[in-house]
Each structure stands twice: as structure tokens, then as C-alpha cells.
Amino acid sequence: MDSYTQKYVDSFMAELTAKNPGEKEFHQAVKEVLESVAPYIVAHPYLMEQKILERIVEPERIIMFRVPWLDDEGNIQINKGYRVQNSSAIGPYKGGIRFHPSVNLSIMKFLAFEQTFKNSLTTLPMGAGKGGSDFNPKGKSDNEVMRFCQSFMTELSKHIGADTDVPAGDIGVGGREIGYMFGQYKRLRNEFTGVLTGKGQSWGGSHIRPEATGYGVCYFASAMLATKGDSYEGKTVAISGSGNVAQYAAKKALQLGAKVVTMSDSNGYIYDPEGIDADKLAYVMELKNIYRGRIKEYAEKYPSAQYFPGERPWGVKCDIAMPCATQNELNGEEARTLIANGCMCVAEGANMPSTPEAIEVFLSSKILYSPGKASNAGGVATSGLEMTQNSMRLKWTPDEVDRHLKQIMTDIHEACVKYGTEEDGYVNYVKGANIAGFIKVADAMMAQGLV
Ligand code: NDP
């Protein structure tokens, strides 16, 4: 980066940090994008004059609200609710809702910011938003989760709509929570519309939506591997997380001929050197989705596996690593261990799971590395396909949706190659994804004037 561009980056970050104090995840996400797009912005002075990036980092609207609800003992509980509507430049706001005790404004803003570029990459007309609450669904009864979701939606319903803002799931928000929120929206508004995605199959949901993020990561990683004449066949894969994204990333990796050896949750990870095969994965899905159990129970059921409490799976020898749990779950030291153990490809399923130091290790080692905004975009893309089907009042077959998903992931990969290929031929997918995502949003903003 030349000194003029570096000065632009430094002054941009200084101003952002001063205006948004204490929001460390948000600063981290902006810095990563800024470092990629700054040379492009400097080369196109009108983008600087029009303050396009300055506008993108200021959400169009932030809604923060109280969520009061009654627990099963009749006690009053209060949580915080958020919706960050970041950009409507290329379509209605679109992005998930997260229920997790760590949720705060910084995390909501980083996710909404990332979503802006991700949704642009999908090729579909979707703006970007993100929402959630510091509510912890773990250990709550179904009735408590329902009462919370109803209270959350009572306020959120005033700010969303099928043509305004269409939320979906994220950490802690799956089919059950989407159902309760959809029911409440319908009751309040007296309309049956595609206001949420990730709906059930019998009431407006799309085939392949639950699978889409995990499958999409594997499709994207397959495209990366193909650039080296390689594939998943025979590879050893380490996955973190055991939720929605991790489960379907594991399922597709198995279908593509890989051996998956790890899964985790926030308490620890399991390592099964014999591989988590289809039957064992079915057990994990039942354990997590129906019984809402912990991953350590896997090691109690299968003696081939070992449970490592309080640890993350990145010390395990693997060819492909797929972080699918949460932000900043893979640090620089773990990245170096992965490389030393021969890992050739890191495909992110989670949002911003690798720390800036880890990303630096991957890029300087020149391994295949894809940021979540590119490789996990299959989830929101299929949400976009759910919106399409809802608008047309019809439902595509699983094969049709899967075909669209594959095509979208291939197109995102091509966009990354187009904008991310460096002089020595190495594809920097971070740069590619950020520039490709930025250009489309910037063009739309230029066309729509100062709004
Ligand atoms: P789930 O709630 O289904 O699963 C989350 C998994 O990550 C669980 O195994 C959870 O363990 C683990 N986890 C959560 N927080 C932490 C933590 N602080 N440390 C270690 N492990 C943790 O969420 P999803 O699978 O939907 O989401 C996973 C990631 O993928 C997130 O980053 C999300 O933003 C991203 N994503 C999700 C999409 C989707 O379609 N669902 C789309 C695109 C991205 P535990 O049970 O102990 O909490």
C-alpha cells in the first residue's frame, strides 16, 4: 500500500474509532474491508468525494428496544433488543437475528456491516441488516422461548416487512424461534407475508434453506480446491461448532468424500479419528436440534472419540479447516499450528471467525483462505431464493434450489478471483470479496444520490 493510501486508511480508522468508541468487533470488521478497498477508492476519487465508505459505516437506522417477558416462575425478565438496518442500496434490509448473551451494539454493527458486502456478492437484490438480543435460549423452556420471541417481535414488527426488512436466523435462532416470531408478526399485522426467511416447509419456507450455509461453504471450498486441481475427496476436515452451519458443512463434506474429525461447542471439542460418519452426524443433529444437548455427549456415546473441555479444535491435524461457530474463534497461534500441520484450505462458515493475525498468517502462507462473507453467503442467498418463491407464491423443488445455490457460490468465487488475483497468481479472497461486494453497493449509492 502506498503512503497516500495508508494515510487515508489511518485517518479513516482514527475517525471511525473516535465516533464509535469501544466497538472493537465493528472496528475490526471495518478495518479488514478498508484495507482491501482503500486502493480502489483512492484510484476512483469520486468515491472519496462522495464519502461512500463513510456512509456505509454509518447504519441507515439503528433500533434498540426493551424486551420484557415472564419466565416460567412468573418472574419479570428484561433483555435488550436490536435491529441494525445498515444499507438499503441494493434491496430491502436482509440479515439474521442472533440470540446470545454476548450480543451488544458492536457485534450487531459488525455483522450488519459484513452483511452489506456479503449480500452484494450473492448477485441478488438484498440490502443488509442484522438484529438480535442478549437473551440466552440455553436452558429455557419452549414456553419461555415463545414468550420471549413474541415480546421481541411485538416491537420489531413495527420496523420490518416483506419489502422493508426481512430477518432470518443466526446463532441461537433456528426453526423454532423463526416460527414463534412469524406467528406473532402474523397476529399483529394480520398478513401472511414473507417477512422472515428460514420458515418451516409447510408455511412458506424454502427447501435447502436449513442446509444452505453449510452446503454453500463446501461448494465454495470445492471451487477454491478446483483452482489447484484438487477436491474434498479423501481430505481430513476439522470443523468447529455443532449448530446449523457446522452440521450441514459436515454433511456436505461427507457427501463430497471427506472425513470429518472434529465438532465443538462453547464448552469444548470432540475429536473422532475414525471420522464422524453419516450415522454419527445424524446423532449429533438429534442431540443438538431436538434434545439441545452438549457435544461432550458424543464422546460418551462413541468410544472412538475424545472430548477436550475448554479447547478449540485447531490443534488437530487436518487438510481443510472450517470454522463454523462464532467470531474470533481462531487466533494467530492456532493459524500457525494449522499451517504447520499441513492445512491447505480454510473456508469460513462463521462470520469473522479468524482474528486479523490469523488472516495474516493464512494470506502470507498463501494457502486457500476464504472469508465468511464470501463462503457463508449461501445462507442469505437461499433466503433470497425463499423471498423470490414467496413473492411468486410457489415452491421450487430441492434440486432447483440446490442448483441455484451452487451457481451463486460459483459466481461469488468467480467474482473473488476477478478482483482478488495478485501479480503472482495467488487469489486473495479477502481482497476479492471486499472489492467485488463494495463496487456494486457503491454504484447503487452513486446512482441514488445523497440519501
Ligand atoms: P447455531 O446457534 O446453530 O450454532 C452455533 C454453534 O457455535 C454452537 O455449536 C455454539 O455452541 C457455538 N458457539 C456459539 N458461540 C460460541 C462461542 N462464543 N465460543 C465457542 N462456540 C460458540 O448458529 P449457526 O450455526 O447458525 O451460526 C454459526 C456461525 O455462522 C455464526 O457466526 C453465524 O453468524 C454464522 N452464519 C450463520 C448463518 C445461518 O444461516 N445460520 C449464515 C451465515 C453465517 P453452544 O451450543 O455452546 O453455544
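1. The model is predicted: local features need pLDDT of at least 70, side-chain atom pairs count only at pLDDT 80 or more, and totals for chains, interfaces and linings use all residues. Residues are numbered from 1 along each chain as its sequence is written, and side-chain values use heavy atoms, with hydrogens and water left out.

2. Aspartate 230 sits in the loop between helix H8 (209-226) and strand E6 (236-240); helices (H or I, at least four residues) and strands (E, at least two) are DSSP runs, numbered from the N terminus. Its relative accessible area is 29%, partly exposed (buried is under 20%, exposed over 50%, partly exposed in between; 1.4 Å probe, protein chains only). Leaving aside residues up to four places away in sequence, aspartate 230 touches Leu225, Lys235 and Met344 (contact: heavy atoms within 4.5 Å).

3. The end C-alpha atoms of helix H7 (residues 175-189) are 21 Å apart, in agreement with the 21 Å that its 15 residues should span at 1.5 Å a residue (1.5 Å times one less than the number of residues). Buried residues of H7 include Ile178, Met181 and Phe182; strand E3 (93-99), helix H6 (142-156) and strand E5 (165-168) are among what covers the buried residues of H7. Asparagine 190 follows H7 and has a positive phi, near 55 degrees.
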